[in-house]
There are 10 protein chains.
Amino acid sequence: MYLTRLIYASSKTEHCTDKGIEGILAAAERNNPKYGLTGVLCFNRKHFLQCLEGPRDPINTLYQRISSDSRHSRVTLVEYCATEQRFFDQWAMKYVPDSKKMQTLAFRYSDCNDFDPYRMSAASALAFLQAVSSQ
Amino acid sequence: MYLTRLIYASSKTEHCTDKGIEGILAAAERNNPKYGLTGVLCFNRKHFLQCLEGPRDPINTLYQRISSDSRHSRVTLVEYCATEQRFFDQWAMKYVPDSKKMQTLAFRYSDCNDFDPYRMSAASALAFLQAVSSQ
Amino acid sequence: MYLTRLIYASSKTEHCTDKGIEGILAAAERNNPKYGLTGVLCFNRKHFLQCLEGPRDPINTLYQRISSDSRHSRVTLVEYCATEQRFFDQWAMKYVPDSKKMQTLAFRYSDCNDFDPYRMSAASALAFLQAVSSQ
Amino acid sequence: MYLTRLIYASSKTEHCTDKGIEGILAAAERNNPKYGLTGVLCFNRKHFLQCLEGPRDPINTLYQRISSDSRHSRVTLVEYCATEQRFFDQWAMKYVPDSKKMQTLAFRYSDCNDFDPYRMSAASALAFLQAVSSQ
Amino acid sequence: MYLTRLIYASSKTEHCTDKGIEGILAAAERNNPKYGLTGVLCFNRKHFLQCLEGPRDPINTLYQRISSDSRHSRVTLVEYCATEQRFFDQWAMKYVPDSKKMQTLAFRYSDCNDFDPYRMSAASALAFLQAVSSQ
Amino acid sequence: MYLTRLIYASSKTEHCTDKGIEGILAAAERNNPKYGLTGVLCFNRKHFLQCLEGPRDPINTLYQRISSDSRHSRVTLVEYCATEQRFFDQWAMKYVPDSKKMQTLAFRYSDCNDFDPYRMSAASALAFLQAVSSQ
Amino acid sequence: MYLTRLIYASSKTEHCTDKGIEGILAAAERNNPKYGLTGVLCFNRKHFLQCLEGPRDPINTLYQRISSDSRHSRVTLVEYCATEQRFFDQWAMKYVPDSKKMQTLAFRYSDCNDFDPYRMSAASALAFLQAVSSQ
Amino acid sequence: MYLTRLIYASSKTEHCTDKGIEGILAAAERNNPKYGLTGVLCFNRKHFLQCLEGPRDPINTLYQRISSDSRHSRVTLVEYCATEQRFFDQWAMKYVPDSKKMQTLAFRYSDCNDFDPYRMSAASALAFLQAVSSQ
Amino acid sequence: MYLTRLIYASSKTEHCTDKGIEGILAAAERNNPKYGLTGVLCFNRKHFLQCLEGPRDPINTLYQRISSDSRHSRVTLVEYCATEQRFFDQWAMKYVPDSKKMQTLAFRYSDCNDFDPYRMSAASALAFLQAVSSQ
Amino acid sequence: MYLTRLIYASSKTEHCTDKGIEGILAAAERNNPKYGLTGVLCFNRKHFLQCLEGPRDPINTLYQRISSDSRHSRVTLVEYCATEQRFFDQWAMKYVPDSKKMQTLAFRYSDCNDFDPYRMSAASALAFLQAVSSQ
Ligand SMILES: Cc1cc2nc3c(=O)[nH]c(=O)nc-3n(C[C@H](O)[C@H](O)[C@H](O)COP(=O)(O)O)c2cc1C
Ligand SMILES: Cc1cc2nc3c(=O)[nH]c(=O)nc-3n(C[C@H](O)[C@H](O)[C@H](O)COP(=O)(O)O)c2cc1C
Ligand SMILES: Cc1cc2nc3c(=O)[nH]c(=O)nc-3n(C[C@H](O)[C@H](O)[C@H](O)COP(=O)(O)O)c2cc1C
Ligand SMILES: Cc1cc2nc3c(=O)[nH]c(=O)nc-3n(C[C@H](O)[C@H](O)[C@H](O)COP(=O)(O)O)c2cc1C
Ligand SMILES: Cc1cc2nc3c(=O)[nH]c(=O)nc-3n(C[C@H](O)[C@H](O)[C@H](O)COP(=O)(O)O)c2cc1C
Ligand SMILES: Cc1cc2nc3c(=O)[nH]c(=O)nc-3n(C[C@H](O)[C@H](O)[C@H](O)COP(=O)(O)O)c2cc1C
Ligand SMILES: Cc1cc2nc3c(=O)[nH]c(=O)nc-3n(C[C@H](O)[C@H](O)[C@H](O)COP(=O)(O)O)c2cc1C
Ligand SMILES: Cc1cc2nc3c(=O)[nH]c(=O)nc-3n(C[C@H](O)[C@H](O)[C@H](O)COP(=O)(O)O)c2cc1C
Ligand SMILES: Cc1cc2nc3c(=O)[nH]c(=O)nc-3n(C[C@H](O)[C@H](O)[C@H](O)COP(=O)(O)O)c2cc1C
Ligand SMILES: Cc1cc2nc3c(=O)[nH]c(=O)nc-3n(C[C@H](O)[C@H](O)[C@H](O)COP(=O)(O)O)c2cc1C
């Protein structure tokens with residue numbers, strides 16, 4: 001298991017201000033390239049859906065750090081698997097903020113009016129992330 | 001089982017006037033968005049074929065209401081399954097009234113001269129609904 | 001679609017007394033053979049999981065009657081499909097009341113301590129019903 | 001088994017004149033639409049290859065009438081199956097008389113210099129009929 | 001297509017007396033071995049379900065004779081295909097009259113209380129015939 | 001995703017004494033049944049390989065607690081997926097201490113002389129855990 | 001393509017006396033082991049069905065010699081393919097003369113009353129040869 | 001087995017002059033159409049690779065004649081199978097003499113610098129023949 | 001790629017005496033356990049067929065040492081792949097010397113009278129090694 | 001097993017100067033065409049990833065020479081298999097030196113910031129080599 005993909009869903013807590021988001025993205029820019037990590041982070045001011053791609057050890061280390069970060073809670077794995085290729089290799093961490101496009105696609109790939117990543121199957125979540133991060 | 005699809009066939013009763021159809025569509029516009037439901041409703045003045053997509057609970061609740069609605073009878077499930085993505089996500093309930101196109105496609109996907117959704121397999125019904133609701 | 005199988009989950013309401021259960025089973029014995037229906041009904045005093053096998057029309061008619069029966073609520077489809085053969089053809093409606101065996105098997109085929117049929121996939125539900133109704 | 005497809009091969013007898021062919025096509029135009037039947041009929045003045053699509057009962061009734069029609073003999077089934085969709089839904093009975101194109105395609109899909117539908121597998125026969133009836 | 005299997009369903013007419021059945025079986029004993037035909041014939045005094053195995057031409061010739069035999073009507077193909085091996089090679093025509101076992105198995109493989117071969121899929125019909133003709 | 005399975009590998013730290021192990025097992029006995037969790041824990045005094053089965057939320061909550069437990073480090077996911085059935089449903093947490101059998105099986109399912117769960121594929125790890133916990 | 005299997009059918013000519021058969025078997029015993037060839041030869045005094053297993057070159061050389069042997073004619077390939085293992089490795093050339101068992105099995109695997117290997121598909125022929133040469 | 005394909009490799013002998021090749025092609029033009037045979041013949045002045053398509057009997061008859069033709073030797077089957085359609089139906093026998101294109105393609109589909117059809121798998125040989133005979 | 005399997009064939013040289021074989025087996029006993037390697041070595045005094053199972057790096061290191069060992073030549077890979085489980089985990093290197101059983105099995109899984117591992121496909125070689133090393 | 005593909009990874013040693021690389025490529029130009037070998041060699045001044053395509057024997061001979069070449073070490077097989085067609089047939093040995101494109105693609109197909117062929121699965125390595133050698 002060399003190249004690994006991990007997708008999780010989580011919920012913003014009150015400790016997460018706009019500064020908090022900036023801090024997350026700054027940390028991702030700072031750390032992810034060092035460890036060969038790439039991915040995408042969706043955020044609609046309520047929930048996060050993040051995909052991490054890269055080596056198995058840094059993915060696990062980072063996931064433990066992320067999953068105990070007080071800026072979100074109910075951190076829940078959606079997919080974890082070996083993979084032949086990255087899908088988000090051009091970004092340390094592509095940030096996808098709330099938008100009409102995101103809402104439209106979230107609705108297509110889930111059973112919810114609002115973006116609720118807890119209610120996406122692994123296949124739906126990956127398809128959603130690929131669609132939402134494409135131009 | 002998050003995102004769910006339900007397809008059923010039914011037959012108009014005498015209680016269903018033109019007003020009745022308007023009432024159905026108004027109810028769908030009023031209710032479906034509230035519950036994250038989308039779909040398509042075909043009607044040739046004799047039979048209905050409806051697809052409902054969305055969360056499992058509202059689909060079941062609505063199906064029970066619909067199946068006891070006196071405007072139609074012999075309400076019969078054609079398909080019920082989990083699904084990765086919606087096919088009719090742009091409509092609360094796309095309405096497809098009788099037309100030449102509908103007759104042509106109904107004929108291609110069934111063994112009937114007239115549109116008779118009771119005589120479509122689950123695969124034929126879904127293919128028909130996708131074809132008939134496309135531009 | 002000749003031979004059809006339908007599985008649903010539901011929850012006992014306060015209107016369902018011991019007599020209520022007896023009434024259900026009596027109705028099943030009275031009606032199901034008339035319509036070529038067979039199946040199994042699991043009940044742990046809280047939830048029902050029922051499988052109905054037989055012709056498509058009576059299955060739909062009965063399901064509409066059952067789904068509006070006040071003795072249970074939150075009636076939710078788990079599986080609906082065509083099938084080559086019946087699995088419960090020896091019973092008008094095999095009744096499986098609460099038992100140690102039922103709890104053990106429910107636990108094996110779901111993520112719950114107690115029997116909660118809403119939390120079984122279609123495949124888990126059918127495997128559970130076959131296991132629990134076998135000698 | 002709603003939508004059904006039947007393909008058979010047969011051989012013209014001496015009772016089949018040009019008028020005979022006209023009579024066949026007239027009968028097909030007259031009867032097939034009534035029963036929801038569509039199809040294609042290939043004829044090279046020696047052999048017939050016919051595909052019938054539609055409801056199971058009329059297909060069987062018509063096949064019995066056709067198979068005892070004295071204008072041909074050695075009527076032999078090539079394929080009989082349920083199908084999701086019609087391939088010849090635009091024609092009551094598309095007639096494909098002998099032509100260079102028909103000979104070329106018959107040769108590609110069989111082991112014969114001349115069109116001999118007895119020597120086509122079910123898959124070859126369907127592929128041939130689709131090719132020969134396309135523009 | 002060398003070895004061929006044909007299964008059909010039909011309904012006894014008033015012209016079919018007990019003598020009629022004897023005549024059918026006598027004809028089968030007399031003719032089928034001559035043409036390399038084997039099979040099984042189920043009869044519950046109302047419907048027939050017959051499987052014919054053997055060479056393609058005699059199967060088609062016999063099917064045309066049988067399908068115009070006035071002792072039954074609504075003769076309807078259930079399956080027609082090439083096959084690697086016979087399943088009923090020990091009998092010119094195994095006769096399976098009505099019995100408790102036949103009813104039990106017919107019920108398992110169809111959606112009917114009574115044996116109704118029109119309501120069996122091709123797979124159900126073959127499985128039923130194998131089960132009912134086994135010791 | 002109802003029933004979920006998570007497998008991870010980790011390494012004992014110096015903070016993990018014999019008492020530590022007892023504490024882990026006591027916690028598992030105390031907590032896992034409350035949350036519908038079952039599983040197996042292999043330990044060869046150096047590495048852990050643990051499988052957790054049950055509802056998605058408690059599995060994620062417990063995994064976050066476990067992954068920050070100072071008694072082990074380099075906690076690394078091996079598998080995370082939805083599943084139809086539990087394999088270890090008879091145990092709150094079956095404990096498999098070091099033994100000859102464990103060494104033999106670890107060797108069969110990995111490329112290591114000693115039990116090193118970091119070097120097992122997801123399929124090898126599950127096959128190993130099933131073999132080692134069977135009688 | 002190392003290990004190769006070739007099956008062919010042919011017809012005895014008048015030049016083939018009993019001595020002829022003995023000569024064939026003597027030749028097979030004499031030559032086949034030299035070239036690593038094994039197989040089975042069925043003969044009902046009218047037709048041959050032979051399977052040759054072994055290296056590609058000797059199989060082709062021998063097949064050319066055999067196919068121009070005047071003791072039979074209409075030599076016709078049934079199967080030619082690479083294979084993982086021999087099925088008749090215990091015999092230079094197992095001889096299976098006419099017998100009740102052979103007739104019964106030939107009938108099961110073909111559409112003929114008598115053993116006619118020209119009318120067996122490749123799969124039927126191999127299944128027949130395995131059945132007929134087993135004890 | 002109606003439509004059949006046979007591919008073989010062989011080696012030119014000294015008896016094969018330029019006239020010899022002309023004679024082969026003349027024979028093919030003369031005979032193949034009579035028997036419904038089509039195909040392609042590759043020749044690099046050393047080896048032949050030929051594909052024959054058509055009815056089973058003429059293919060076997062011709063193959064026996066060809067395989068005892070003194071203009072080549074080490075005649076070796078590469079593939080023999082039933083097929084749904086011809087690939088070379090526009091030619092009695094398309095002749096592909098040595099060329100740069102042939103060498104390039106032979107190299108892509110084999111492990112040889114020079115065209116050596118003995119060292120092509122059945123799949124490689126067919127892919128090579130399709131590529132080399134396309135415009 | 002953790003657990004790896006490598007199979008190769010080779011030929012004894014004159015430098016390989018009986019002592020040579022003893023030396024090989026002694027080296028295998030001495031070294032393989034150190035590196036977690038297991039396997040089987042077949043030898044018929046002419047050819048070797050060896051399977052090595054274990055971690056990827058030692059397999060490659062040992063294969064380089066073995067492939068330049070002067071006791072054999074024409075060392076040729078037969079299979080190299082990742083695998084879920086070892087098949088020969090009970091032996092540092094099971095030695096299978098020439099025997100009747102080995103000859104019989106070599107013949108079944110190859111096109112040769114004598115054991116010639118160069119002429120076994122990867123699948124034949126593994127099946128042969130499993131058969132020959134079983135009791 | 002005619003056409004064979006072998007992929008390996010290795011690491012440059014200090015003995016490998018720029019001259020060394022030139023020498024490798026000169027040797028490849030000199031030798032590979034003689035033996036029908038083609039392929040691609042990637043080198044980022046630290047690691048090599050090479051694919052060799054061609055006949056089995058020269059591939060094994062060359063691999064033994066290459067794997068004992070002092071210009072690199074830790075030579076490790078990634079894939080070895082039979083194949084229907086070459087992918088790099090236009091080059092004796094296409095050389096792909098370090099470049100931005102190579103880094104981008106290496107990153108997409110592995111878990112590493114830098115090109116590290118030891119951390120590519122067989123499928124990733126082949127996909128990377130095809131992408132990196134395409135125009
Ligand atoms: C939703 C979410 C996503 C995050 N994604 C990343 C990430 O991709 N990379 C990262 O280094 N930190 C990420 N973090 C922040 C980490 O939890 C942690 O704060 C950070 O890695 C600490 O980095 P530092 O040690 O460089 O300050 C994320 C946090 C949250 C809440
Ligand atoms: C064929 C048919 C389709 C219907 N589809 C919908 C629907 O998509 N959504 C909906 O809310 N009601 C639908 N209805 C109407 C329901 O049966 C019911 O009248 C309605 O949900 C009541 O809504 P209300 O409580 O807002 O008045 C349908 C009825 C029929 C007969
Ligand atoms: C959980 C549940 C299962 C039931 N199963 C059946 C059944 O299998 N057959 C049946 O006829 N009625 C069943 N019933 C009862 C029906 O809802 C209804 O009361 C009954 O069919 C009426 O029958 P009757 O018209 O003969 O009185 C069930 C009810 C419940 C609550
Ligand atoms: C080769 C052939 C194809 C035929 N196809 C059809 C057909 O598609 N539809 C049809 O009604 N009759 C067809 N017939 C004619 C029927 O055998 C029969 O004559 C006709 O259905 C009688 O129709 P009528 O009762 O309207 O006169 C065909 C006959 C032959 C010989
Ligand atoms: C349900 C049914 C099944 C029949 N099965 C056969 C059969 O297997 N073989 C047969 O020769 N005739 C069978 N027949 C009778 C044929 O229709 C026809 O009467 C008979 O083949 C005439 O034979 P004969 O020409 O020898 O008198 C069957 C008839 C019916 C109604
Ligand atoms: C290898 C390992 C496995 C563990 N397994 C479990 C477990 O299955 N269930 C559990 O509740 N705690 C488990 N723990 C302990 C938790 O990390 C934590 O200490 C415990 O859940 C706290 O329980 P408490 O809040 O009841 O004291 C495990 C710890 C380690 C190091
Ligand atoms: C049906 C048939 C099967 C044969 N099988 C074999 C065979 O398996 N091996 C063989 O050497 N010859 C076989 N022969 C005989 C060859 O055609 C040929 O006569 C023989 O190989 C000559 O052998 P000789 O050169 O040793 O005399 C067979 C012939 C026939 C007609
Ligand atoms: C490589 C090769 C390919 C041949 N291909 C054919 C062919 O496709 N058709 C054919 O009739 N003869 C072919 N022949 C020639 C036959 O062996 C034989 O000479 C010819 O069929 C005799 O034909 P004739 O009886 O009309 O003279 C081929 C010969 C060789 C050596
Ligand atoms: C056919 C063959 C198989 C061998 N198998 C092994 C083996 O499994 N393990 C091993 O260590 N050496 C094996 N060797 C011997 C090695 O080539 C080498 O001599 C040996 O590993 C040196 O070990 P040493 O450094 O401990 O002396 C084999 C040699 C041959 C010719
Ligand atoms: C990474 C690497 C790749 C090589 N690739 C090839 C190659 O494709 N062909 C080749 O002949 N030699 C190759 N060599 C060189 C061989 O190891 C060896 O030096 C060469 O084949 C000797 O050729 P010569 O005998 O013609 O001097 C390679 C060496 C290295 C280190």
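The structure is a predicted model, in which local features need pLDDT of at least 70, side-chain atom pairs count only at pLDDT 80 or more, and totals for chains, interfaces and linings use all residues. Residues are numbered from 1 along each chain as its sequence is written, chains are lettered from A and ligands numbered from 1 in the order in which they are written, and side-chain values use heavy atoms, with hydrogens and water left out.

Ligand 1 is surrounded by 16 residues (a heavy atom within 4 Å), and the closest include A:Arg30, A:Asn31 and A:Asp69. By class, this shell holds eight nonpolar, four polar and four charged residues (Ala, Val, Leu, Ile, Met, Phe, Trp, Tyr, Cys and Pro count as nonpolar, Asp, Glu, Lys and Arg as charged, and the others, Gly among them, as polar). The largest share, five residues, is supplied by α1(A).

An oxygen atom of ligand 1 lies 2.6 Å from a side-chain N or O atom of A:Asp69, and an oxygen atom of the ligand is 2.9 Å from a polar side-chain atom of A:Asn31. For A:Gln50, a side-chain N or O atom is found 3.1 Å from a nitrogen atom of ligand 1.

Chain F is superposed on chain A by a rotation of 180 degrees with 0.0 Å of shift along the axis (RMSD 0.0 Å), by least squares on C-alpha atoms of residues with pLDDT of at least 70 in both. The two copies are therefore related as by a two-fold rotation axis. Within chain F, F:Tyr80 comes closest to this axis, at 2.9 Å (C-alpha).

Conventions:
A polar contact is a pair of N or O atoms within 3.5 Å; within protein, one must be able to donate a hydrogen and the other to accept it, and residues adjacent in sequence count only if both atoms are side-chain atoms. Helices (H or I, at least four residues) and strands (E, at least two) are DSSP runs, numbered from the N terminus.
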